[in-house]
Amino acid sequence: MNILILGATGFIGSVVAARLAADGHAVTGLGRNPERARLKQPAINWRRADLSRMTKAEDWEDLLKDQHAVVNCAGALQDGLSDDLAATQGDAMLALYSAAKRSQPLMVQISARTAGAAGDLPFLATKRRADEALAASGMPHLILRPALVLGRNAHGGSSLIRALAAFPLALPLIHAESGVETLSVDDVAEAVSRAVSGDLRGDIVLAADEVLTLADLVRLHRQWLGLPPARVFSLAPRLAQPVTWLADVAGVLGWRSPLRSTAMTVMSEGIKSAKAESGLAATSAAATLSANPSGVQDLWFARLYLLKPLVISGLSAFWLLSGLIPPLVLEKASAHFLPFMPEAAAAMLTLVTCLIDIALGAAVLIRPLAKRALLGMLAVSLAYLTGGTLLEPALWLDPLGPLVKVLPSILLTLTALATLDER
């Protein structure tokens, strides 16, 4: 069969795409970065697409040509610079169903439980809108509602669980006793495979039989990482409010933090549901982890995950302060240039470099601009080192180390670049 997969570069979508390709199907994957995806999965026909801009039926007509099934693995947690929930999870799906009415392909929607405390938030409200439209469309379909999905890789909530499990000495948790159902990402791929083969339809909740507390799940991941047991400290939800607020601000700037308010609202009542008999097996958390033994790369990822926002914000603060402080003492700051140029030119050059520093410090906070800002920081740092060495080499011996301090800044920038990718 010819199968179109939306969100094929994501955590779930990449596994589903690989499974369907292994089943012998001709798979076309949509993603925002098909060039990199093509290197990782060359057996798949990759197409560039941004669902937030595909809100009309005609946007889908060429992609749907000759397709026998469409699998939607795309999704987003909260609105922000990188995501538009109403467009991606709502309008784009309605446009897809409208365009597909003539050819009637099988529609497989990877959704979520849309009731509960977070049911009215945009994340689940847009999911529910698409689910209801699909159910009423008359097209053959499967709406699959998996619990928390675990696998060899991690993304979003599962990444946060690994990071919490790697905390030194103790495990500080909000909603530590909330119940969590899980399953393996391979279980999701198996369900999609069965749907494509023709024997699975309807609206199905998929989760393992066990219900763990969040504390138990974090302890299980800590054991998986090979770390000694640590005591769990259950924190009051109000203590998380400043972190959640900062995560929401970061979300507006395009960073997809799993600590945003939507995720915290979902977690406040746990990730559980009343399962109906579906005939589908789901793998427990312990079995999923034991089937994918951790390596040192997993420990590195877990330890670096929560350091990443600190690295980015630290670099931002360093560059912003580097640009904001010199104008307060402009005469002293521009004195280094006086042996080489007039006073007015020295003052102007100082102000220009300050503006560059401020621009880089602000730009690195905006996710779509972060990579270019980090590369700009490297270029400007090397220019500062080169210029300072040529014009005033004695600065290397300055007790305050104005040039020496640039070196750790460069290393921190390289660390930020190395950890910037999200998937």
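**An enclosed strand**

Reply: Six of the six residues of strand E6 (residues 141–146) are buried, so E6 is largely enclosed by the rest of the structure. Buried means under 20% relative accessible area, exposed means over 50%, and partly exposed lies in between (1.4 Å probe, protein chains only). Strands (E, at least two residues) and helices (H or I, at least four) are DSSP runs, numbered from the N terminus. Please note that this is a predicted model, in which local features need pLDDT of at least 70 and side-chain atom pairs count only at pLDDT 80 or more, while totals for chains, interfaces and linings use all residues. Residues are numbered from 1 along each chain as its sequence is written, and side-chain values use heavy atoms, with hydrogens and water left out.

Me: Which residues point one way from E6, and which the other way?

Reply: In a regular strand the side chains alternate between the two faces of the sheet. Here His141, Ile143 and Arg145 point one way from E6, whereas Leu142, Leu144 and Pro146 point the other way, and all are buried.

Me: Which strands are joined to E6 by bridges?

Reply: Two strands pair if DSSP finds at least two bridges between them. Strand E5 (residues 106–110) is joined to E6 by four bridges, and the two run parallel. Strand E11 (residues 202–206) also runs parallel to E6, with five bridges joining them. Leu142 illustrates both pairings: Val108 stands opposite Leu142, and in E11 the bridge partner of Leu142 is Gly202.

**A helix and its ends**

Me: How many residues has helix H7, and what span does it reach?

Reply: The expected span of a helix is 1.5 Å times one less than its number of residues. Helix H7 (residues 185–197) has 13 residues and reaches 19 Å from its first C-alpha to its last, close to the 18 Å expected. Its buried residues include Val185, Asp187, Val188 and Ala189.

Me: What is found at the start of H7, and what just after H7?

Reply: At the start of H7, a side-chain oxygen of Ser184 reaches to within 3.0 Å of the backbone nitrogen of Asp186. Just after H7, Gly198 takes a positive phi of about 110°.

**Charged pairs**

Me: How many salt bridges does the structure hold?

Reply: Side chains of opposite charge can pair when their charged atoms come close. A salt bridge is a side-chain nitrogen of Lys or Arg within 4 Å of a carboxyl oxygen of Asp or Glu. The structure holds 17 salt bridges. One of them joins the side chains of Asp50 and Arg53 (3.8 Å, N to O). Asp50 is partly exposed, with a relative accessible area of 22%, while Arg53 counts as exposed at 69%.

Me: Which parts of the chain does the pair of Arg256 and Asp83 link?

Reply: The side chains of Arg256 and Asp83 meet in a salt bridge (2.8 Å, N to O). This pair links distant parts of the chain, 173 residues apart: Arg256 is in the loop between helix H9 (241–252) and helix H10 (261–268), and Asp83 is in the loop between strand E4 (69–72) and helix H4 (85–100). Arg256 is partly exposed at 26% relative accessibility, whereas Asp83 is buried at 12%. Asp83, Arg256, Arg367 and Glu422 are linked in a network of salt bridges.

Me: Where does Arg367 lie, and is Arg367 buried or exposed?

Reply: Arg367 is found in helix H16 (residues 367–391). With a relative accessible area of 15%, Arg367 is buried. Contact means heavy atoms within 4.5 Å. Leaving aside neighbours within four places in sequence, Arg367 is in contact with residues including Ser82, Trp255, Leu420 and Glu422.

**A buried lysine**

Me: What is the nearest side chain of opposite charge to Lys308?

Reply: Lys and Arg count as positive and Asp and Glu as negative; His and the chain ends are not counted. Lys308, in helix H13 (residues 307–324), is buried yet has no salt bridge, and the nearest side chain of opposite charge, Glu422, is 5.1 Å away. The side chain of Lys308 does reach the backbone oxygen of Leu420, at 3.0 Å. Such a polar contact is a pair of N or O atoms within 3.5 Å; within protein, one must be able to donate a hydrogen and the other to accept it, and residues adjacent in sequence count only if both atoms are side-chain atoms.
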